[in-house]
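Open the model in your viewer and keep the sequence panel beside it. The stops below say what to select and what to look for.

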Amino acid sequence: MKWLSKLFKSGSGGRRGGGNGGYNPQVVGEENLVVRAPVRMPNDRPRTKKEQEELDHAIALSLSEGMRKPNGCNEWRRDDNYGGALPRGADNGGLNSSTYPPYGTLQYHPAGYRVCAGCHREIGCGNYLGCMGAYFHPNCFRCHSCGYPITEHEFSLSGRDPYHKTCFKELTHPKCDVCLQFIPTNAAGLIEYRCHPFWSQKYCPSHEHDNTARCCSCERLESWNVRYYSLEDGRSLCLECMESAIMDTGDCQPLYHAIRDYYEGMNMKLDQQIPMLLVERQALNEAIVGEKNGYHHMPETRGLCLSEEQTVTSILKRPRIGGRHLIGMRTQPQKLTRKCEVTAILVLYGLPRLLTGAILAHELMHGWLRLKGYRNLNPEVEEGICQVLSYMWLESEVLPGSSSRASTSAASSSSSSSKKGGKSNVENKLGEFFIHQIAHDASPAYGGGFRAANAAVNKYGLRRTLDHIRLTGNFPL
């Protein structure tokens, strides 16, 4: 480079290099090369065309030599904050740092200077991260979920938002609502889980076979961090259903009479006083066996309109809570004699008020049909029209303005919500679930029969539909 310095001296009128009169090429960043023009004294003679060409050629050779050095005049190094590790993303973004030559007094404004996409400030001469077509201060490249800087080798990307891999898994990989763990993948490497159609409860398929408790009312599986109540007949009841559960025959009487009034309000008065009893599962199953006729919903029947004379064990006094178990229930055998076409109505104990009422509305319709002489109906017709009455009663309780008939909430004092003058959001949600259950039942009699009956009632009204059933034994088309 000695010959280059000589050219500089000759080009500056024989002056010694140094001060403002010397010429020093400046390299800024890795993209922009900025060359400072030589300063001329007022009395300098102008260069000839040949001298100017020689000087330009020398400058070009000098710059080309600098560019052939490793990384030019820049020094690339890892940021200590990253522990010597370069993060990798979907677009292979890496951590870059650039050290400028020590020319701090030089003032420049390069055309391609970097602005941090995180804080929107100029990055300047410090370390930076180039990723996703943008630049960041190392501390500004942060997880979109937790807000902490991403320092790992790899990160996840959703759209334009970066995430820690662990944070992204927390957001996107489903967790089991029973065991509270990430749902495992199956043999094919796919995430497989079960999901309740109404509650959207996600759980591992294994919990359907590992004796995990399921609420006998709302069907939700018991979570490992919440314990359900155990009823004496082996059923389980979740805490939300327990809030309004009806436990004995005495507690159920106000609700029973309120539903009879509901029938009377639709000009469907029941002339006979039909006994109503709350019973355990075993007593209900025994009563079903003793019936000669009838169609029963399997796998679990919750109510029965009894037409035979039987001795039934009813619940006389509600059980008390002992830990998570209901104990100390008092029962008594009761002989039922047939005084009309209907002997009694039996309902499973321990169910929430709205579900108990829906069962009562269904069974009372069976009783009304028998008392009014509707005989030999096929299961789809009889169970379908009974489900319509159950559905209508639930709608009047849960959906405001769904029916012009009076709600039975004020007439029932069996739940804490009724005592306070209104149903809680929890009870309303349960009511919506029971409505959903009726509407989406898959059985031919209870599901298909309901949908056919409901379509007829919506088109012709309840009274004309019942008249048509009496005459033809089928729903009007």
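What percentage of the 477 residues in the protein is buried? Buried residues make up 43% of them, where buried means under 20% relative accessible area, exposed over 50%, and partly exposed in between (1.4 Å probe, protein chains only). This is a predicted model, in which local features need pLDDT of at least 70 and side-chain atom pairs count only at pLDDT 80 or more, while totals for chains, interfaces and linings use all residues. Residues are numbered from 1 along each chain as its sequence is written, and side-chain values use heavy atoms, with hydrogens and water left out.

**Whole protein.** Colour by secondary structure to see 12 helices and 21 strands; helices (H or I, at least four residues) and strands (E, at least two) are DSSP runs, numbered from the N terminus. Then show the surface: its accessible area is about 25,800 Å², and 50% of that belongs to carbon and sulfur atoms. Areas come from the Shrake-Rupley method with a 1.4 Å probe; for residues, only the protein chains shown count as cover.

**Strand β5.** Select residues 127-131. Five of the five residues of this strand are buried, so β5 is largely enclosed by the rest of the structure. Asn-127, Leu-129 and Cys-131 lie on one side, with Tyr-128 and Gly-130 on the other. Gly-130 has Tyr-135 of β6 as its bridge partner. Two residues separate the strands of this hairpin, and Met-132 there takes a positive phi near 55°.

**Strand β14.** Select residues 276-279. Met-276 and Leu-278 point one way, Leu-277 and Val-279 the other way, and all are buried. Val-347 in β20 is the bridge partner of Leu-278.

**Helices α7 and α8.** Select residues 353-371 and 379-398. The two axes come within 8 Å and cross at roughly 140°, which makes α7 oblique to α8. The contact includes Ala-361 and Met-365 of α7 and Leu-389 and Trp-393 of α8, contact meaning heavy atoms within 4.5 Å. Axes are lines fitted to C-alpha atoms, for helices over the stretch in contact, and angles run from 0 to 180 degrees between N-to-C directions. Angles under 35 degrees count as roughly parallel, over 145 as roughly antiparallel, 65 to 115 as roughly perpendicular and the rest as oblique.

**Helix α5.** Helix α5 packs against α8 at an angle of about 105°, with the axes 12 Å apart, and that makes α5 roughly perpendicular to α8. Leu-255, Ile-259, Tyr-262 and Tyr-263 of α5 meet Leu-389, Met-392, Trp-393 and Ser-396 of α8.

**Two loop residues.** Most residues other than glycine have a negative phi. Select Ser-200, in the loop between β9 (194-195) and β10 (202-203). Ser-200 has a positive phi of about 60° and is partly exposed, with a relative accessible area of 42%. Next comes Asn-211, in the loop between β10 and β11 (229-230). Its phi is positive, about 65°, and Asn-211 counts as exposed at 79% relative accessibility.

**Last stop.** Select Arg-464 in helix α12 (residues 462-472). Arg-464 is exposed, at 54% relative accessibility. The C-alpha atoms of Arg-464 and Pro-476 are 8.7 Å apart, with the two residues 12 apart along the chain.

Notes. Two strands pair if DSSP finds at least two bridges between them.
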